[in-house]
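Please read the points below alongside the sequence and the model.

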Amino acid sequence: MSSPQIPVHKGLEDIYVKESKICYIDGERSKLFYRGYDIDDLVKYSTFEEVSYLLLYGKLPNRKELNEFQKSIRDSYTLNPEVIKLLEIFRRDTHPMDLLRTCISYLSTFDDSPKDQSLEKNLSRVIKIIGSIPTILGTFDRIRRGKKPIEPNPKLNLASHFLYLLRGKEPKERDAKIMDTALILHAEHEMNASTFACTVTASTKSDIYSSITSGIGTLKGPLHGGANEEALRMFLEIGSIDKVKPYLDELFVKGKKVMGFGHRIYKNYDPRYRILKEIAKEMSKERGNHKLFEIALKVEEEVLKRLEKYNIYPNVDFYSGLVFYFLNIPIDFFTCVFTMGRVVGWSAHIIEYWMDNRLIRPKALYKGELNLPYKPIEQRE
Ligand SMILES: CC(C)(COP(=O)(O)OP(=O)(O)OC[C@H]1O[C@@H](n2cnc3c(N)ncnc32)[C@H](O)[C@@H]1OP(=O)(O)O)[C@@H](O)C(=O)NCCC(=O)NCCS
C-alpha cells in the first residue's frame, strides 16, 4: 500500500527543523560558535554566567546586565524546603539523572503563575532552574553519603558553588576555572537529540519544566550525554596500558561502540575534545595521576587507527569524564554536569522555537497489514 519510493529519514539525519541564531557547528572544520562567537574565545575570555546570558538573550551583557543576571541565578541557589524533603526520600542508589529529571519536574508545582507564558516569566523560570541544579545535585550527594546538606553560598559563581556543595569547602581558583570552562563547553550544541526532545515538547505549547524534563531523559542515554560516564568507566575497567589492545579487540569483535567516539555532525575532531584533552593532560600532571590519562591516550590512538578512515574521531565525552574525575566529581554525576551546562542551550532553543512555533509531528511509513479480521479471544491460539 505505501509506495516504497517514499524516503524515510532514519535518525532525522540532515533534516533542518527550524532556522536558528543560537549555534553553528562547522563539522568539517572543527569549529563551534555560540551566537556567532567562537567557542575558543568564549573559553579564553568569558564565564559560564556570561555565556548563559549570551545564549538566552542573544547578545553579550554589559556590566549592569551581567550583575543582575548573576544575582538572579545566585538567588536561585536556595531550594524550596519541599524539594529538600523530596531529595531525602529518594533511594540512595538512584541514578542522579533520574533524580534530576524528577526534581525539575517537581519544581513546576511551586510555580506561582503557571498560566503566565510570557517571555519574561519563562526566562525567570529558566534562571531558577539553572541556579537550582547544582544545589539539587550537591544536596543529594551529601544526603546519600549520610552528611548534612550545606547552606548555599550566593557569593560563589555557579561552577564554584557546585564544587563547594560537593566538597564542603570552597574550591581552589584553578578547579573553579576548569569547572566553569567545562560548563561553557557543554552549554549548547545546536539541534542534538536532547535539544530536539525539548523542542518537540515545547512545540505542543507545553511548559518549560516539561520541555526540560524531556531533555534530561534524552541526554541520559549512552549514545548522547551518558557517554562521558561510560568512557571513564571504560578507562577504569581497562586498568593498565597493556590491556588496552585486548580490551578493544574484544569490544570490536562484539560489535560494540567505543564511548566518546563518533558524532553525527563532526566528521573531524570535536573542538571541545581538544580543549578538554589539554585540561585532562594538565590535571593528570598536577595531580600526579598519569595512569588514567595514559590509558585514555592509548585508547584514542588505537581507536583512531581503526576508525579514522571512517571519519570517526573522539568527541566531547571522551576526555570530559576524566576532567570531572580529576575534579573529584562522583562518576554517576558526570551526565548531570553535562545537564548543568546544557540546560541553558535547551532553554534558548525552546524560547526561540516559541517565537515561531509549529507543532512537530512527523510521520511513520506504515509497513504493517490492514483490514485483518478481528477474532474473539477464545478463538486465538
Ligand atoms: C554518536 C553516534 C551515535 C553517532 O552515530 P551515527 O551518526 O548514527 O553514526 P553511525 O552509527 O552511522 O556510524 C557510522 C559507522 O561507524 C561506526 N561507529 C560510529 N561510532 C562508533 C564508535 N564510537 N565506536 C565504534 N564504531 C563506531 C558505526 O557502527 C557505523 O558502522 P557501520 O556502518 O559498520 O554500522 C555514534 O558515533 C556512537 O554511538 N558513539 C558512541 C557514543 C558517544 O560517544 N556518544 C556521544 C556523542 S557526542
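This is a predicted model: local features need pLDDT of at least 70, side-chain atom pairs count only at pLDDT 80 or more; totals for chains, interfaces and linings use all residues.

1. Cysteine 198 counts as buried, because its relative accessibility is 0% and the cut-off for burial is under 20%.

2. A search of the whole structure finds 0 disulfides. Cysteine 198 accordingly belongs to no disulfide, and the nearest cysteine sulfur, that of cysteine 23, lies 14 Å away. A disulfide would need two cysteine sulfur atoms within 2.5 Å.

3. Cysteine 103 is likewise in no disulfide. For cysteine 103, the nearest cysteine sulfur belongs to cysteine 336, at 10 Å. Cysteine 103 has a relative accessibility of 0% and therefore counts as buried.

4. Threonine 195 is placed in helix α9, which spans residues 193-203. Is threonine 195 buried or exposed? With a relative accessible area of 0%, threonine 195 is buried. When residues up to four places away in sequence are not counted, threonine 195 touches Glu190, Trp346 and His349.

5. The pairing of helix α2 (residues 48-57) with helix α16 (residues 334-355) deserves a separate point. The axes of these two helices come within 8 Å and cross at roughly 20°. Angles under 35 degrees count as roughly parallel, so α2 is roughly parallel to α16. The crossing of α2 and α16 is right-handed.

6. Which residues make the contact between α2 and α16? From α2 come Phe48, Ser52, Leu55 and Leu56, while α16 supplies Met340, Gly341, Val344, Ser347 and Ala348. Sorted by class, the contact of α2 with α16 has 6 nonpolar and 3 polar residues, with no charged residues.

7. Leucine 183 lies in helix α8, residues 173-186. The relative accessible area of leucine 183 is 0%, so this residue is buried. Leaving aside neighbours within four places in sequence, leucine 183 is in contact with Phe48, Leu158, Ala159, Val337, Met340 and Gly341. Among these partners, Phe48 of α2 and Met340 and Gly341 of α16 also take part in the contact between those two helices.

8. One further separation concerns leucine 183 and leucine 251. These residues are 68 residues apart along the chain, and their C-alpha atoms are separated by 31 Å.

Methods
Residues are numbered from 1 along each chain as its sequence is written. Side-chain values use heavy atoms; hydrogens and water are left out. Helices (H or I, at least four residues) and strands (E, at least two) are DSSP runs, numbered from the N terminus. Buried means under 20% relative accessible area, exposed over 50%, partly exposed in between (1.4 Å probe, protein chains only). Contact means heavy atoms within 4.5 Å. Axes are lines fitted to C-alpha atoms, for helices over the stretch in contact, and angles run from 0 to 180 degrees between N-to-C directions. Angles under 35 degrees count as roughly parallel, over 145 as roughly antiparallel, 65 to 115 as roughly perpendicular and the rest as oblique. A crossing is left-handed if the near helix is turned anticlockwise from the far one by less than a right angle, and right-handed if clockwise. Ala, Val, Leu, Ile, Met, Phe, Trp, Tyr, Cys and Pro count as nonpolar, Asp, Glu, Lys and Arg as charged, and the others, Gly among them, as polar.
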